[in-house]
Amino acid sequence: MKLTVWTYEGPPHVGAMRVATGMTGLHYVLHAPQGDTYADLLFTMIERRNDRPPVTYTTFQARDLGSDTAHLFKTSLEEAYDRFKPEALIVGASCTAELIQDDPGGMSEMMGLPVPVIPLELPSYQRKENFGADETFFQITRALAKPCEKTERPSANLIGPTALGFRHRDDITEVTALLNDMGIDVNVVAPMTASPSDIARMGAAHFNVLMYPETAESAARWMERELGLPFTKTVPIGVGATREFVAEAAELAGVTPRFDDSRLRLPWYSASVDSTYLTGKRVFIFGDGTHVKAAARIARDEMGFEVVGLGCYNREMAREIRAVARDFDLTATITDDYLEVERVIEDLAPEMILGTQMERHIGKRLGIPCAVISAPVHVQDFPARYSPQMGIEGANVIFDTWVHPLVMGLEEHLLHMFRDDFEFHDAAGPSHHGGHAPVAGGDAVSSPQPEIAPQKTTEEDGNVIWLADAEKELKKIPFFVRGKARRNTETFAASKGVTEISVDTLYEAKAHYAR
């Protein structure tokens, strides 16, 4: 654990909250100080849920530390059961409460409540949110899931979706449709939408669909070992992966594969004349391991991008992402430090970023377009509309999401190129007003604004001055590579002992780096 302005993952108890909030009939009693109740806002404000998470906090304060905080936990647990009457309870401690070592699991076991009480041991100072979700779902499954008679028709459990997950709600709908097209029923979706009684009948399915390894792989492996439920290894994000998933699910269910690609638009769009400007675009990919792995394949094999860097923040998937990076002849960036990610992006100077909400902010600072592909995300990435990442419609959504920033970037670049044109300079009026410039002081403005004075950029060898003509010429370079062009030119000028960069210097540097 460390102090930081922004983090990719919260502490493990937030992962437990994601599981509890996604389920029904389950209540989470969290031994935590008053300040740890902030987590509610993640669900009510960012995910825009219309009710609070099913969590009761003991909310002890500083003055309570000198008295019996264990009694406070017992009282909170009894009151939570009496008020909510859940089918099952999970209990644990936040990172702060872990320090006082009150042992919520041991205390709850001694209380003899009439419903299952599942203790969570989440090491707050060694692990993070995704581990917390994975471990919580595993403990719930281990405590409640039992062997039972299989369904008559082929069926599967969809495991991994949680509250606050990136497009989990819509991915469930899309994967359900893929299975139903082949005559495979969905037995249980868990944790999201499941109750403890649903967890108990998961053994009736013929196999599990592991949608998100970050949050359900431990449970999937336990059910494979204890309940005889094999699980899918392919996550259906992208056209190729969706086809492979359909074949894999059909084999596990013993049915004929069926893939209706009549709604699939990504392959045609990405191969069309209008999309040829996408070919070879240099992209950097960062996020959770599952989405990064899928995005890298889509970027290279289905969109024609050049992947110049990739990485993930969840160390549980570091080995897998390093293997993916080796396939791309790259070195993976495995870190949860957003400042390190920013430095990598700045050095690589990609033309596009595929990342999280944090990479979106980094892209804004560096002038690089960004599409969000992974949690953590902000409110705009929990849309009211149907917007999956998986399956057929997910492939269409991905194409739109990735292409639009590049299209808008191209439009912005063209506006910059023609900013001195009589129609498009900064003082010109909107084109739909007939090209009339706004009136300033009674006179129509008919000439562009004066050029901004050149700025000095400090290099190790001294000051390098950009002359006005060179600065103007630099603006003609597309914004997504302009930073790299500026840095290369300044490095070239410094190596030649040039202190003033002219248009000639700019083009000499271009020729030098093009060799």
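Me: At what angle do helix α12 and helix α13 pack, and how far apart are their axes?
Reply: In this predicted model, α12 (residues 289–302) and α13 (residues 318–327) pack at an angle of about 15°, and their axes are 10 Å apart. Angles under 35 degrees count as roughly parallel, so α12 is roughly parallel to α13.

Me: Is the crossing left-handed or right-handed?
Reply: Left-handed, as α12 passes α13.

Me: Which residues make the contact?
Reply: From α12, Gly 289, Val 292, Lys 293, Ala 296 and Arg 300. The α13 side supplies Glu 320, Ile 321, Val 324 and Asp 327.

Me: How many of those are nonpolar, polar and charged?
Reply: The residues of the α12 contact with α13 split into 4 nonpolar, 1 polar and 4 charged.

Me: Switching to the sheet. What is the strand order?
Reply: The order is β10-β9-β8-β11-β12, an open sheet of 5 strands with parallel pairing.

Me: Which strands are at the edges?
Reply: β10 (333–334) and β12 (370–372), each of which pairs on one side only.

Me: Over how many bridges do β11 and β12 pair?
Reply: Strand β11 (residues 352–355) pairs with β12 over 3 bridges, in the parallel sense.

Notes
Residues numbered from 1 in each chain as written. Predicted model: local features only at pLDDT ≥ 70, side-chain atom pairs only at ≥ 80, totals over all residues. Heavy atoms only, no water. Axes fitted to C-alpha atoms, helices over the stretch in contact; angles between N-to-C directions. Helix = DSSP H or I, 4+ residues; strand = E, 2+ residues; numbered from the N terminus. Parallel < 35°, antiparallel > 145°, perpendicular 65-115°, else oblique. Left-handed = near helix turned anticlockwise from the far one by under 90°. Contact = heavy atoms within 4.5 Å. Nonpolar A, V, L, I, M, F, W, Y, C, P; charged D, E, K, R; others polar. Pairing = 2+ DSSP bridges.
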